[in-house]
Amino acid sequence: MTAPQSRDTSELPRVTVEVPVLSIGAGPTDYEDLGRHVDALRKPGSLHMTLLHIGILARLAADIFAWTKGRMPAERAALEIATWLRELPVLDGFLGKSDTILTLGGGRISSLEVVVPQAVHDYQTLLLQGLHVLLDDLGLDYIDDFILSSPALGYRSPHWIPHVAVGKARAKHQEPIKIETLALEFGTSRIRNEMSLPSVV
């Protein structure tokens, strides 16, 4: 049994299941006003809400290889994950709202905490349950421990907070900031960097 070949994965694309932000507030100035509380506002066209973070697929496959002590080859794990992602149901677009800026990402990222419909919570739960089933099929044990400890997946808490990262926090671990309520419109779910996923030849 051989370990996956070591290679630099720093430039490889990160894979997520996400929904794009189509609009915030009544117009561009509503989003620009967040600059009063947030540094380095992200471009509106890049905003999204992550529903499930997979990360760099090669790193996750290597984590699985290590966790199973080599019983699950990294190449097969990557292919199984890619197949599962492509077969996920699509979440329809929806509306949300936010009146709070949170500091997440280890205390460095400012994000809008978003109130979303129950259907979105149900879909995110479905994703996580599906990930459990997938990892079980790949031969992993203590799956919750794996999810919370895998550097590739990057989970720090089992509790999902619907949020949209909008920029850099001005102070690390800054207290939540209340703002005027903003309406947010989200598009249908998608796989970020889907073209980078391996396919069955």
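Two strands count as paired if DSSP finds at least two bridges between them. I take helices (H or I, at least four residues) and strands (E, at least two) as DSSP runs, numbered from the N terminus.

**Ground rules.** This is a predicted model, where local features need pLDDT of at least 70, side-chain atom pairs count only at pLDDT 80 or more, and totals for chains, interfaces and linings use all residues. Residues are numbered from 1 along each chain as its sequence is written, and side-chain values use heavy atoms, with hydrogens and water left out.

**Strands.** I started with strand 3 (residues 94–104), which runs antiparallel to strand 4 (residues 109–115) and is joined to it by 6 bridges. Lys-97 sits opposite Val-115 of strand 4. The two strands make a hairpin with 4 residues between them. In that turn I found Gly-105 with a positive phi of about 60 degrees.

Next I followed strand 4 to strand 5 (residues 163–168): antiparallel again, over 5 bridges. Ser-110 faces Gly-167 there. Strand 3 also pairs with strand 6, antiparallel, through 7 bridges, and Phe-94 stands opposite Phe-186. Strand 6 (residues 177–186) has 3 bridges to strand 1, antiparallel too, with Ile-24 opposite Leu-184.

Leaving aside residues up to four places away in sequence, I see Leu-85 in contact (heavy atoms within 4.5 Å) with Val-15, Val-17, Ile-54, Ile-191 and Leu-197.

**Helix 3.** Which residues of helix 3 are buried? With buried meaning under 20% relative accessible area, exposed over 50% and partly exposed in between (1.4 Å probe, protein chains only), I get Ala-74, Ala-77, Ala-78, Ile-81, Ala-82, Trp-84 and Leu-85. They cover an arc of only 160 degrees around the axis, so they lie on the same side of helix 3; the arc is that of the directions from the helix axis to the C-beta atoms. An α-helix has 3.6 residues a turn, so residues three or four places apart point the same way. Among the elements covering the buried residues are strand 1 (15–24), strand 2 (48–55) and helix 4 (118–137).

**Lys-69.** Buried or exposed? I note Lys-69 as exposed, because its relative accessibility is 70%. Lys-69 is in the loop between helix 2 (57–67) and helix 3.
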